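Have a look at the picture first, then read on.

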Amino acid sequence: MTAIVESDRGHLALLQAMLHGSQAFGTMEELGDHIKVSPTEFAVVVGPSITSEDAATLAQWARVHRPDLGVIFLRHEVDSNALSLALRSGMREVVAAKDLAGITTAVQRARNVASAIAQTLEGEVQAATQNAVQSAQAAAAAATEAENAPRGKVITVFSTKGGVGKSLVATNTAAALADLGHQVCIVDLDVNNGDVAIMLQSTPSRTVGDLIAFNGDIDASAVESLVTPHSPGLSIIAAPVHLDAVDKATSEDVGKLLDTLQGMYDFVVVDTSGSFDDLALTALDRSATIVLVATLDIPSLKGLKLATGTLDLLNFERSSWTLVLNRADAKVGLSVDEFESTVKLKADHSLESSRDVLACVNRGEAIVRAHPNHINSKAFKALAASLAASLAPKVPAQTTADARKPAGRLRLRKA
C-alpha cells in the first residue's frame, strides 16, 4: 500500500483520490505510528508542505530499517537543492507536486522495487535457512561418524605398592597385544619415576611432559609428535626423563591425550604411579579394564586392600578389574588362597618368580618376545587374549555424549 503525508488538506485529498487505496496522514507523527504497524507499506509520498528536514529524516530511517519502503519527495519546484537532499538521504524519487502522472508512475516504480527487494530478501532467508540446515546436518553426520568410529580401549595398570611388577605387567601386556595384530600405545604416567622406556630399551625424544607445549590444543598431529615407535604394532609415550621441569602436563592435558589416542590405537595401555593422583584418576576414569598388580606379601596385601577400597568408593565396577598376582609361587608363609580371601578378589592371572624375567628387564626386552614359551609369557598372552576378546564394538549411535563422559572421581557407590 501507499501512505501519503501532507498537511495541506486540499492537496492531501487530491493525492489520495489519485492514488487508490492509499492511507492519508496530516503529520509526520501520524505517519510514523502507521509505518511501525504496517510492514507491507511499500511507498510514502511526502507532500510539498512537509519540511525537507522531516522528509530527509524519514528517508534516512527507511534506508536503514525499511529498505523496501520507497520515499517519494514532492516539491513545488524540483531544483538542485531538492535533488541533492534526496540523493544524500536516500529518497527514491523527487517529483513535481503538480505532475500527477509522474507521481503515479513513481509509486508504481516503488511497488516494483519493493517487490524485487522482498523476493531478494526471501531468497537470502531461504538460502541462509538452507545453509543452516545443511550445516546442522553436516555437523550431525560428523558427530554420528565420530560416535560410530572404532574406539580403542584404555587398559590401566595400577597398584599402590611399588616393586610389585606393575611396569613389567604393563610392558609385556602391551607387547602381547601388539603380537596379536593390534595397534597398541603404552603411556607412562608415572611422571616422577617411569620405567617403561627403560624396560623396552627405548630412547624417546619427546615425553608426556611435552604436552604442556601445546597449550591444551592436543589433536592427532600433536599426539603423533610425542609417540616413539618401538616395534610393529607397539608405540610408546614415555614419562619425562627430567624431574626439574617448571611446568608439567595437567590432568586435562592427559585426558585429551588419552581421548585422542583412543581414536588412533586399538589399545592404550597406561602405566601409572603408585597413588591415586590426578593423572592416575584421569586414566582410571577412561579405562575399560583396570589391571591390579600385587605380590604375596603383607605390604602388597595392605596396598591392594587400600586400592580396592578406594576403587569401590569411587564406584569403579569390579567387573572391570583384573588381578595379576606376581611371584605367586613364593614360599613366604602367605598362600594364594589366603591372599584372595583377605582381599575378596580372585587372581585372574598368576606369574612365577623367574631369573629370565629379571634378565629381560635388564636387557630392555619384553619376556613375551624374548622367551615366547616361558610360563610367564603364556600368562601375559592369556591376559592379552582376554583383553582382546572383550574389544568393544562401535559405540551405538543412540548413546549420548553425557553417557560416555567419564564419571567424576567424587562419585559414591550407591547403597
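What follows covers the ground rules, a trio of strands and a charged patch.

## Ground rules

This is a predicted model, where local features need pLDDT of at least 70 and side-chain atom pairs count only at pLDDT 80 or more, while totals for chains, interfaces and linings use all residues. Residues are numbered from 1 along each chain as its sequence is written, and side-chain values use heavy atoms, leaving out hydrogens and water.

## The strands

Start with strand S1, residues 2-5. (Strands are DSSP runs of E with at least two residues, helices are runs of H or I with at least four, and both are numbered from the N terminus.) Thr2 and Ile4 point one way from S1, Ala3 and Val5 point the other way, and all are buried. Buried means under 20% relative accessible area, exposed means over 50%, and partly exposed is in between, with a 1.4 Å probe and protein chains only.

Which strands does S1 pair with? Strands pair if DSSP finds at least two bridges between them. S1 runs parallel to strand S3 (residues 43-46), with four bridges, and Val5 sits opposite Val46 there. S1 also runs parallel to strand S2 (residues 23-25), joined by three bridges; Ala3 has Gln23 as its bridge partner in S2.

## The negative patch

On the surface, Glu29, Glu30, Asp33, Glu53 and Asp54 gather in a patch of negative charge. Patch residues have over 30% relative accessible area and no salt bridge, with like charges joined within 9 Å; a salt bridge puts a side-chain nitrogen of Lys or Arg within 4 Å of a carboxyl oxygen of Asp or Glu. Helices H2 (28-36) and H3 (52-65) each give two or more residues to the negative patch, and H2 has the largest share, with three.

Asp33 is in H2, and Asp33 is exposed, at 52% relative accessible area.

How values were computed
Patch = residues over 30% accessible without salt bridge, like charges linked within 9 Å, V, L, I, M, F, W, Y side chains within 5 Å. Areas by Shrake-Rupley, 256 points an atom, 1.4 Å probe, with all protein chains shown as cover. Lys, Arg positive; Asp, Glu negative; His and termini not counted. Charge placed at Lys NZ, Arg CZ, Asp CG, Glu CD.
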